[in-house]
Every structure is written in C-alpha cells, then in structure tokens.
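The sequence and the structure are shown first.

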Amino acid sequence: MLQLAHIRENRQEIIEALQKRGINAVEIIDQIIALDDHRKQTQSALDQSLSEAKKIASEIGSMMKAGRMEEANAAKAATGTIKKRNQELEQELKSHEAGLIELLATVPNAPHASVPAGKSSDDNETIRAWGEAENAEHATPHWDITKKYGLIDFELGVKITGAGFPVYLGKGAKLQRSLIQFFLDQGEEAGYTEVIPPHMVNAESGFGTGQLPDKDGQMYHAKEDDLYLIPTGEVPITNIYRDVIIAEDDLPIKNVGYSPCFRREAGSYGKEVRGLNRLHQFDKVEIVQLSKPEDSYAALEVMVEHVEQLLQKLELPYRVLRLCGGDMGFTAALTYDLEVYSKGQGRWLEVSSVSNFETYQANRMKLRIKSKDGKKRLAHTLNGSALALPRILAAILENNYDGEAVRIPACLVPYTKFETIE
RNA sequence: GGAGAGUUGGCAGAGUGGUCGAUUGCACUAGUCUUGAAAACUAGCGUGCCGCAAGGUACCGAGAGUUCGAAUCUCUCACUCUCCGCCA
C-alpha cells in the first residue's frame, strides 16, 4: 500500500500518477486523508484519557499503601466513566485503523514517471528487441512437437488432475529440469543466494506481497488449513523479510529461487491457453531483490539485463516492453515484460515480468531499513521471473525445430547431456 | 493425533498484582586511554502511534477477560521443545 505520510504530502502527484492507470483516485484519496485525520484525533484523545486513568490508578495505589481506605474506595468508584470512555475510544481507533487499511488496500501503486499512460497491452512501449523474429521454415506449434517426440502428455495430466496440469516425460522432463538448473546457476553467478521456499503460504504473506485481498480468486486455497498455493515464488521469498528491520550495510539482498506456481486462471479459454501457453501449474525461477530506495531503479535495470542474458544464451529472439499504466500489475510502480518470439505460433509470449514495487510491498510487510544513525525507512522490493519455464520450453522447441529434430541450445547441453531430440 | 513443559528486548536471562518498557550479562555503537589493537573505563543502545517540541501512549507469543491497576491472575488460540503414536 501507499504510505499515508506520502499520500498526505504528495496528494496531487499521486492522483496524477494513478490517472495513468485510468483511475480517478481523487475521491478515495480524500476519503483516506479524512479518515486519517479522524484517526489522529482519536489517538490523541485516547492517549490523554489513558494517561488520566493511569494517574488515578497510581494514586489509588499510594492511598492504599498509606491506609486511607475510604479515600481509595471513593476514587475507585469514580473510575467507571473514564474506563468506559477508554473502551469507546479504543474501539473507535481500531475501527479507524482497520478502515484505513481497507481503503489503502484498494489503491494500486502509483506508476513511476517513465510509465506511459494506457489502457491495455496495445499501449505498452517496446524498449528494444534482440534476434530475428521471423517464422521458421518448418513452423510447427510446440504441442505438435511435444506429441511427436513424447515430451509432454497433456491428456494424461487431465486424467490425473485436470486441464492445465501437464505431465513431462523423458527428454521433455529432462529439458525442463535442465532449464531450472541452468537458471539457478546463472542466478547464483550473478550474486543471488538460492532459496527453496514453501509452496504454500498463509494469508499474512498473501497480503504482504499484494495478492490478498484483491486477487484471492486467482489462488488455490486450502480451506481446511487456510493456506494458499503460491501463484509465484515472489510471495514466499519476499515474505522472508516481512516484519524485518535490515541494517543498511546488508543491502542489497538478492535471492533466487525455484518453485512451482499455481494459478486458477479462472475465465481463461481458447487458443491463448493451448499447450504450454497457460497452465494451472508451472515452474519458475524467480529473482528477488531488496534495496535502498535510491538504488532500486538501477537494480531494476540490472535485473532486466540478467534476464536478457539468459534469453541470449538460449538464443531466443525477444523484446523488452515497458508496461503502460493500465497493463501493469496492482502493486508495481514500473514493470518490464520480456517476450520471446514463438516461431511455431507466430506470436510473442511473455516469459518474464520484472518489477520495482518501491515501498508498496514493504509498507504492507513492515520491511524496513535501519541506517547507522538509527533512522528507519521502508525498503524497496523488486522481483522478476528468470525465467518462467513453459513458454521458454515452447519457444526452444518451436524455434529449434527443423522438421527432423529439435536442436538443444549449447548452453543447456551440459545439463541435458543430449544435443538433439529426434 | 495423545501427554507434559515452555514462549520476556539481537542473544542469554531476572521479574509472579502497584512508579516495570521492564534488573543484569553478552553483543552492538560512540568516546577516553593506547604507536596500533586488545583490555579497562564512560555514555548510548527495542518497536509503533499522537505531538513543532517538551512529552504522552501502546507493545513482555496472539486474542479475550478479572482488577482502580496485569509481564505477573483466568480463558481461548498459535507456536516451540520433550516423550508416545503415525509417517516420506
């Protein structure tokens, strides 16, 4: 969520930034500020009232010690009204605080100055591109290739679980595992510390990174234990640092982690979701950074470069997009999407999304930085896919297929131990 | 899943109804001393909220309750440890 102090100080600026998302936030922002005013007043009144009650209690203590019992009893009798007032003020404060969080949680992050205004993916800005985005001579969609070589069985997944839960077989499984290993090794080389996080999270974690309350329909929920299957490694990895105060010298913190991701994808259908294009369960290697506010945008660029390096090593043509306000996720201030060109389908596939959340998540998580002089401030959080597996796998199969065999990119051969699928 | 023990500031560990946000030690930070370091000594050293500030207020696993007053008493829950059961 946005910080209250920041909203109060930069009301107009935030309203203008949110317009890039197509949101008119005037009313909600003013509502928030008004409620915060009430909160402050109530806090003051409560503190004063509590102070009074405390004073009387200690006076009664001294009276009793001195043996002046009648006096003490008289004072006791008079405490009723104060006590009642305290309770009322406490209730009022609580409801103001809860109301504020509720309102704040409905306001998305304010886009960065460089974010273009826009409604949909049509308004995204292409920053740069790499490689030849042309259809292959033997253009074949990956679902035909996986079938031909027995790499993935989608129907088998339907039997075991349901649509969107494919079964990887033989060289298909090995290629998948090799990619994970490759991505993790590359992350480690770039200075990220590997973590293997839990694949289920509680509601607090879901709130911390911003999936809850707004996107809870997208996550699988185990009601019995009130736990959610993670939609991305971002959730458990970033929440490692929930409620933590980090010494400034320990920043930046860089983690890389592999995890399966589970998404309900309610409402998706058609050829957009065919094959590996959109699944309910998929694998992803995620990179996460915590940084000082003044360093976060430089870190974001380096993260994008890291992902680009991966794609170049895999020899996949790609382009980098700066998302417009309307296409950006709820919690992001700036997002770069990386798309690879899928030659078998003749379309771009999103394989990575790298974002700076500034203090939006840190504020929800109470993730703070402590400098040497003892001053505390919220950290900036960033994350990105490096990379999401299924569409990479699809692109590798489609882009390296010559009608006879699939050639494995050189960087993966040390992992797969085979050079072709035929 | 069953039985028992526990949960206090970065760590260790006091405190069982009244001025306790909490003794003390270690760690940490600054300073004195020293050629430098160590040692010793001095001071500082949790987090949130309200307030320009002085200051006020809240937090001793979480929530509720008893009381004029709760870290201390009662209840519920969570977690940790030990033993038993089950199990990859």
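## Packing of α2 and α3

In this predicted model, the axes of helix α2 (residues 11-19) and helix α3 (residues 26-66) come within 10 Å and cross at roughly 145 degrees. Axes are lines fitted to C-alpha atoms, for helices over the stretch in contact, and angles run from 0 to 180 degrees between N-to-C directions. Helices (H or I, at least four residues) and strands (E, at least two) are DSSP runs, numbered from the N terminus. The crossing of α2 and α3 is right-handed; a crossing has this hand if the near helix is turned clockwise from the far one by less than a right angle, and is left-handed if anticlockwise.

On the α2 side the contact (heavy atoms within 4.5 Å) involves Arg11, Ile14 and Ile15, which meet Val26, Ile29, Asp30 and Ile33 of α3. By class, five of these residues are nonpolar, none polar and two charged. Here Ala, Val, Leu, Ile, Met, Phe, Trp, Tyr, Cys and Pro count as nonpolar, Asp, Glu, Lys and Arg as charged, and the others, Gly among them, as polar.

## Packing around α8

Helix α8 (residues 170-189) and α13 have axes that come within 11 Å and cross at roughly 115 degrees. The two helices are therefore roughly perpendicular to each other, a term for angles of 65 to 115 degrees; under 35 counts as roughly parallel, over 145 as roughly antiparallel, and the rest as oblique. The crossing of α8 and α13 is right-handed. Leu175, Gln176, Leu179, Ile180 and Phe183 of α8 touch Leu389, Ile392, Leu393, Ile396 and Leu397 of α13. This contact has nine nonpolar residues, one polar and no charged.

The axes of α8 and helix α11 (residues 296-313) also come within 11 Å, crossing at roughly 135 degrees, which makes α8 oblique to α11. This crossing, too, is right-handed. Phe182, Phe183, Gln186 and Gly187 of α8 make the contact with His306, Leu310 and Lys313 of α11. Its residues divide into three nonpolar, three polar and one charged.

## The largest pocket

The largest pocket has a volume of about 1400 Å³. Its lining comprises 49 residues, of which Arg263, Arg278, Asp337, Glu350 and Ser353 are the closest to the centre. On a 1 Å grid over the protein atoms alone, a pocket is an open set of points where a 1.4 Å probe fits, with protein on both sides within 12 Å along at least five of seven lines; lining residues have an atom within 4 Å of a point. Grid points are joined across faces, edges and corners, and a volume is the space filled by probe spheres set on the points.

Two or more lining residues come from each of β10 (281-291), β11 (318-322), β12 (334-342), β13 (347-358), β16 (380-388) and α13 (389-399). Strand β13 gives the largest share, nine residues. By class, the lining has 16 nonpolar, 18 polar and 15 charged residues.

## Backbone features

A cis peptide bond joins Leu251 and Pro252, with omega about 0 degrees; Pro252 lies in the loop between β8 (245-247) and β9 (253-262). The bond from Ala386 to Leu387 is also cis, with omega near 5 degrees, and Leu387 is in strand β16.

Asp243 is not a glycine, yet has a positive phi of about 60 degrees. Asp243 is placed in the loop between α10 (234-238) and β8.

## Basis of the values

Residues are numbered from 1 along each chain as its sequence is written, while chains are lettered from A and ligands numbered from 1 in the order in which they are written. Local features of this predicted model need pLDDT of at least 70, side-chain atom pairs count only at pLDDT 80 or more, and totals for chains, interfaces and linings use all residues; side-chain values use heavy atoms, with hydrogens and water left out.
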